[in-house]
Amino acid sequence: MKNPQRSPTNPGSVRSRFTQVFLQSLLRIRKHSPASSSSSSSLGEFLKRCHRVKVAAYVSMARAAGTRRAWSRAMLWRVRHDAHRHRLLQGRCSRSSSRERSPGKKKRRTKKKKKRRDDQEHGFGNAEKLQKLVPGGEAMDFSCLLDETAHYIKCLVTQVKVMRSIADFYSL
Amino acid sequence: MSTRRSRTSQFTEDEINNLIFKLQALLPQLEQRRNNGRVVAPSKILKETCSYIRRLHREMDELSERLTSLLDNMEISSVDAQLLRTVLLQ
């Protein structure tokens with residue numbers, strides 16, 4: 001068992017909060033999706049459900065992590081923003097808005113020049129890539145980015161472990 | 001501008017090294033090298049962090065697919081205590 005970190009939320013409670021919220025989301029997804037067994041339409045349905053499951057996992061983790069973390073706030077914002085945009089698009093039935101490769105990761109636009117100077121000063125060139133991987137990373141200064149990344153990784157690892165346990169449980 | 005630079009680097013140099021060190025502790029590949037006593041370059045740590053996060057995202061995608069296909073087989077009407085115990089005790 002891991003020792004509780006000195007951060008206010010120890011890993012044990014994040015894990016249990018995530019598990020509860022995520023399982024409830026799974027149940028909800030199962031209820032709301034049509035339980036059709038016809039194989040013709042099921043691929044589209046499968047992909048839709050798959051996407052919902054994935055989003056539910058990320059949202060559950062962000063909620064479990066709490067709003068004290070910049071990355072979790074950014075992620076929740078992003079999901080809400082994407083859901084709203086998706087609804088707007090569905091009304092227009094247009095696919096032309098996929099101009100962004102990844103769903104709106106930009107929470108706040110800050111000048112990139114300052115960022116580069118900040119991390120190149122300390123001899124690191126790869127902070128830009130890291131900023132794109134961590135939710136809300138593009139708005140963070142270098143030390144904040146490092147701190148948030150560490151927490152984000154811990155939560156991702158927990159998320160993956162729990163999901164794997166659930167999948168294994170129902171695979172038997 | 002140079003004075004601002006020196007001020008920020010003085011203030012955050014240790015902090016940043018500390019954070020980099022903490023990051024290294026989280027990365028499975030680099031953890032072994034740390035125990036061997038060799039110093040790992042910070043840029044390598046950042047690179048490794050990026051690939052580790054990408055790997056975790058990919059695992060997330062795979063697990064989502066797996067769970068989706070198992071979803072209909074889940075015989076739970078409410079949250080199963082047995083499941084919780086299994087998941088949380090690992």
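Predicted model: local features only at pLDDT ≥ 70, side-chain atom pairs only at ≥ 80, totals over all residues.
I'm calling it a salt bridge when a side-chain nitrogen of Lys or Arg sits within 4 Å of a carboxyl oxygen of Asp or Glu.

**Entry 1: Glu59(B) and Arg164(A)**

I started with Glu59(B), which forms a salt bridge with Arg164(A), closest N and O atoms 2.8 Å apart. Glu59(B) belongs to helix α3 of chain B and Arg164(A) to helix α6 of chain A, so this pair joins two chains. Buried or exposed, I wondered about Glu59(B)? It counts as buried, at 18% relative accessibility, because the cut-off for buried is under 20%. Arg164(A) came out partly exposed, at 34% relative accessible area.

**Entry 2: Lys54(A) and Asp61(B)**

Next I looked up Lys54(A), which makes a salt bridge with Asp61(B), the closest N and O atoms being 2.9 Å apart. This one also runs between chains, from helix α2 of chain A to helix α3 (residues 42-70) of chain B. Both ends are partly exposed: Lys54(A) has a relative accessible area of 25%, and Asp61(B) is at 31%.

**Entry 3: the interface as a whole**

How many salt bridges are there between chain A and chain B? I get three. The rule for polar contacts gives me five residue pairs across this interface, both partners at pLDDT 80 or more. On the chain A side, the elements giving two or more residues are α1 (11-32), α2 (42-65), α4 (112-121), α5 (127-133) and α6 (142-171). The largest share comes from α6(A), with 23 residues. By class, I noted 29 nonpolar, 11 polar and 12 charged residues on that side.

In contact terms, 52 residues of chain A touch 52 residues of chain B. The two chains bury about 5100 Å² between them, and 73% of that is on carbon and sulfur atoms.

**Entry 4: inside chain A**

I then turned to chain A on its own, which has six helices and zero strands. Of its 172 residues, 42% count as buried. I also checked contacts with a separation of 6 or more: residues 24 or more positions apart account for 56% of them. Chain A exposes about 10300 Å², with carbon and sulfur atoms supplying 51%.

Within helix α2 of chain A, Lys48(A) and Glu45(A) are three residues apart, which means about one helical turn separates them. Their side chains meet in a salt bridge at 3.9 Å, N to O. Lys48(A) is partly exposed at 45% relative accessibility, and Glu45(A) is partly exposed at 23%.

Last, I found Arg69(A), Asp147(A) and Glu148(A) linked in a salt-bridge network. Over all chains, my count is seven salt bridges.

Definitions and conventions
Residues numbered from 1 in each chain as written. Chains lettered and ligands numbered in written order. Heavy atoms only, no water. Contact = heavy atoms within 4.5 Å. Buried area = accessible area lost by both parts, 1.4 Å probe. Polar contact = N/O pair within 3.5 Å; in protein donor to acceptor, adjacent residues only side chain to side chain. Helix = DSSP H or I, 4+ residues; strand = E, 2+ residues; numbered from the N terminus. Nonpolar A, V, L, I, M, F, W, Y, C, P; charged D, E, K, R; others polar. Buried < 20%, exposed > 50% of the residue type's maximum accessible area, 1.4 Å probe, protein only. Areas by Shrake-Rupley, 256 points an atom, 1.4 Å probe, with all protein chains shown as cover.
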